[in-house]
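I opened my notebook to look up which side chains pair up in this structure. The entries follow the order in which I checked them.

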Amino acid sequence: QVRLVESGGGLVQAGGSLRLSCAASGGSIYSIGTMAWYHQAPRKARALVADITDGGRATYRDSVKGRFTISRDNVKNTLYLQMNSLRPDDTGVYYCTADQIPRNFWGQGTQVTVSS
């Protein structure tokens, strides 16, 4: 069983920055594969923001390209999301996920609120 704990959310003005972290612990964390960040805006379904393989290859959804950067530290077992030029539509809960085939684990989420 892998436990994921997100942190770093908060309230920020439009144009500001936040850095989210997701610490993984428990179980065989050395076998974690792809990790990802999902975003759930108010009254909307969760949507993939970015993911990164254990080898460091990252992909992003179009709306965050050039503004967000996903990274991971495999020694510290931590996933990051650097969010710059934040917009009000980035508001919502951000969830960290981790694949440990055949299972997929989720954190509890961290709230990000961007004021206009």
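These notes cover ring pairs, charges over rings and salt bridges, all taken from a predicted model.

**Entry 1: aromatic pairs**

I looked for rings that pair and found two aromatic pairs in the structure. One joins Tyr-38 and Trp-106, with 4.8 Å from centre to centre and 50° between the planes, and this pair is tilted. I then looked up where the two residues sit. Tyr-38 is in strand S4 (residues 35-40) and Trp-106 is in strand S10 (residues 103-106), so the pair links distant parts of the chain, 68 residues apart.

The other pair is Tyr-95 with Trp-106. I noted ring centres 6.2 Å apart and planes at 70°, so I wrote this pair down as edge-to-face. The cut-off for that label is an angle over 60 degrees. Tyr-95 belongs to strand S9 (residues 92-100) and Trp-106 to strand S10, so this pair ties together parts that are eleven residues apart in sequence.

Tyr-38 has 22% relative accessibility, so I listed it as partly exposed. Trp-106 has 33%, and it also counts as partly exposed.

**Entry 2: charges over rings**

I checked for charged side chains above ring faces. Arg-46 lies over the face of Tyr-95, 3.7 Å from the ring centre. Arg-19 lies over the face of Tyr-80, and here I noted 4.0 Å from the ring centre.

**Entry 3: salt bridges**

Side chains of opposite charge can pair when their charged atoms come close. My search of the whole structure gave three salt bridges.

Arg-67 forms one with Asp-90, and their closest N and O atoms are 2.8 Å apart. Arg-67 lies in the loop between strand S6 (58-60) and strand S7 (68-73), while Asp-90 lies in the loop between strand S8 (78-83) and S9, so the pair ties together parts that are 23 residues apart in sequence. I recorded both Arg-67 and Asp-90 as buried.

Asp-62 and Lys-65 meet in another salt bridge, at 3.1 Å from N to O. Asp-62 is exposed, because its relative accessible area is 62% and exposed means over 50%.

Asp-89 and Arg-87 also meet in a salt bridge, at 3.3 Å from N to O. Asp-89 has 49% relative accessibility and counts as partly exposed. Arg-87, at 34%, counts as partly exposed too.

Definitions and conventions
Residues numbered from 1 in each chain as written. Predicted model: local features only at pLDDT ≥ 70, side-chain atom pairs only at ≥ 80, totals over all residues. Heavy atoms only, no water. Phe/Tyr/Trp six-rings, centres within 6.5 Å; stacked < 30°, edge-to-face > 60°. Helix = DSSP H or I, 4+ residues; strand = E, 2+ residues; numbered from the N terminus. Buried < 20%, exposed > 50% of the residue type's maximum accessible area, 1.4 Å probe, protein only. Lys NZ or Arg CZ within 6 Å of the ring centre and 35° of its normal. Salt bridge = Lys/Arg side-chain N within 4 Å of Asp/Glu carboxyl O.
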